[in-house]
Amino acid sequence: MLNCLTRIINVVGRCRKGSITLQVSVLCKPLVAMTVVLLFLCFAVSSVQAAPRIWLSVPTETKEIALTFDDGPSATFTPQVLKLLRKYHAHATFFVIGNRIVPMRTLILDELRQGHEIANHTYHHVVLRGLGAESIARELELPKDAMEKVAGEGRIAPWFRPPRGHMDKVVIKVARLHGYRIVLWSVDSRDWENPPVSRLIQRVLKHTKPGAILLFHDQGGDRTVTIQALYRLLPSLEAEGYSFVTVSQLVHDSTSLE
Ligand SMILES: [Zn+2]
C-alpha cells in the first residue's frame with residue numbers, strides 16, 4: 001500500500017512539474033483518473049490481504065491430514081482416543097472446552113506429552129454469534145488462563161474453533177485480535193449423530209484427501225461409535241499412505257514446501 005501510494009505521489013509530482021503548458025495539463029487528466037483507480041485498487045488489495053483466513057483444509061499434495069477432536073477431555077473416551085493415536089503414531093489437535101481444562105488436568109498433560117496440541121473451543125462452549133465483543137473475548141481468554149495454570153505459558157495453540165462453527169464478523173475480529181486463527185474442517189465425521197460405524201467410516205474415507213482437517217468429538221455424549229470407527233479408520237488411512245499430524249504441523253509442512 002505504501003509503495004503504491006509513493007508511486008502515485010511520484011506520478012502526480014511529475015505531472016505537476018509539467019503542467020505549466022496546457023498540453024501537459026491535458027495529459028494530467030487521465031493520470032488523475034488513473035491515480036484514483038490505483039488508489040482504489042491499492043485499498044481493495046490491502047483489504048483482501050487483511051481479511052481473516054478461515055482454515056477448512058490446508059492446500060498440500062503431501063498425504064498428511066489433521067485429526068481434530070472437539071469438546072473434550074472426557075475421562076471415559078479421551079484415554080481411548082489417546083491409546084489409539086499412540087498405536088498409529090498419530091498426532092492430533094484437541095479443541096477442548098475451557099472449563100474442563102483444570103478439572104481434567106491429567107488428561108490435558110497426557111495429550112501434550114504425547115505430542116498433541118490443545119486448541120481453543122471457548123470456555124463454556126457457547127454459540128458466539130450475536131454476542132458482544134467483550135463476552136467473546138472472555139470466552140477466548142479464560143481457556144488460555146486455564147491452560148497457563150495447568151501446563152504453563154504458551155501451551156495453547158493459536159487455533160480457535162467456534163462451537164458448531166457458528167460465527168459472525170465480531171467473532172472473527174475478536175479472535176484475530178487475540179492472536180487466533182480460525183479452524184473449521186473439511187471432513188465432518190458427524191459422529192455426534194451416532195451413525196452406524198460403517199457409515200461414518202465410509203463418509204470419512206470418501207472425503208479425506210491430502211491436507212484435510214477431520215472433525216471428531218471425544219466428549220459430549222456416548223462416543224463409542226467414534227472410537228469404534230477410529231479403530232478401523234486409522235489403519236485404513238495409514239494403508240492409503242496418510243500420516244496424522246496436528247493442524248500446526250499441517251500448516252507448517254504445507255508452507256515450508258512453497
Ligand atoms: Zn464443540
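This is a predicted model: local features need pLDDT of at least 70, side-chain atom pairs count only at pLDDT 80 or more; totals for chains, interfaces and linings use all residues.
Trainee: Which residue in S8 stands opposite Leu67?

Mentor: Leu214 does. Residues are numbered from 1 along each chain as its sequence is written.

Trainee: How do I read the labels, and how many helices and strands are there?

Mentor: Helices (H or I, at least four residues) and strands (E, at least two) are DSSP runs, numbered from the N terminus. This protein has nine helices and nine strands.

Trainee: What is needed for two strands to pair, and which strands pair with S2 in the parallel sense?

Mentor: DSSP must find at least two bridges between them. S2 covers residues 64-70. It runs parallel to S8 (residues 213-217), joined by five bridges. S3 (residues 92-96) pairs with S2 in the parallel sense over four bridges. S9 (residues 243-244) pairs with S2, also in the parallel sense, over two bridges. For landmarks, Ile65 has Phe244 as its bridge partner in S9, and Asp70 stands opposite Phe95 in S3.

Trainee: Are the residues of S3 buried or exposed?

Mentor: Count C-beta atoms, placed from the backbone. A residue is buried if 20 or more others lie within 10 Å of its own, exposed if 12 or fewer, and partly exposed in between. In S3, five of its five residues are buried. Ala92, Phe94 and Val96 point one way, and Thr93 and Phe95 the other way. S2 is mostly covered too, with six of its seven residues buried. Across the 258 residues of the protein, 34% count as buried.

Trainee: Which residues touch the most other members of the largest nonpolar core?

Mentor: In soluble globular proteins, nonpolar side chains tend to be buried together. A nonpolar core is a set of buried Ala, Val, Leu, Ile, Met, Phe, Trp, Tyr and Cys residues joined through C-beta atoms within 7 Å. The largest one here holds 56 residues, and Ala66, Leu67, Ile118, Ala119 and Leu214 touch the most other members.

Trainee: What does Leu214 touch?

Mentor: Two residues are in contact if their C-beta atoms, placed from the backbone, lie within 7 Å. Leave out residues up to four places away in sequence, and Leu214 touches, among others, Ile65, Ala66, Leu67, Trp185 and Val204. Among contacts between residues at least 6 apart in sequence, 80% join residues at least 24 apart.

Trainee: At what angle do the axes of H3 and H8 cross?

Mentor: Two packed helices are described by the angle between their axes and the distance between the axes. Axes are lines fitted to C-alpha atoms, for helices over the stretch in contact, and angles run from 0 to 180 degrees between N-to-C directions. Angles under 35 degrees count as roughly parallel, over 145 as roughly antiparallel, 65 to 115 as roughly perpendicular and the rest as oblique. The axes of H3 and H8 (residues 224-239) come within 10 Å and cross at roughly 5 degrees. These two helices are therefore roughly parallel to each other. At their contact, Gln80, Val81 and Leu84 in H3 meet Ile227, Leu230, Tyr231 and Leu234 in H8.

Trainee: Which peptide bond is cis, and where does Pro73 lie?

Mentor: The bond joining Gly72 and Pro73 is cis, with omega about -5 degrees. Pro73 lies in the loop between S2 and H3.

Trainee: What about positive phi?

Mentor: Thr122 is not a glycine, yet its phi is positive, about 75 degrees. The residue lies in the loop between S4 and helix H5 (133-151). Thr122 counts as buried, with 23 C-beta neighbours inside 10 Å. Asn194, also not a glycine, has a positive phi of about 50 degrees. Asn194 is partly exposed, with 14 other C-beta atoms within 10 Å.
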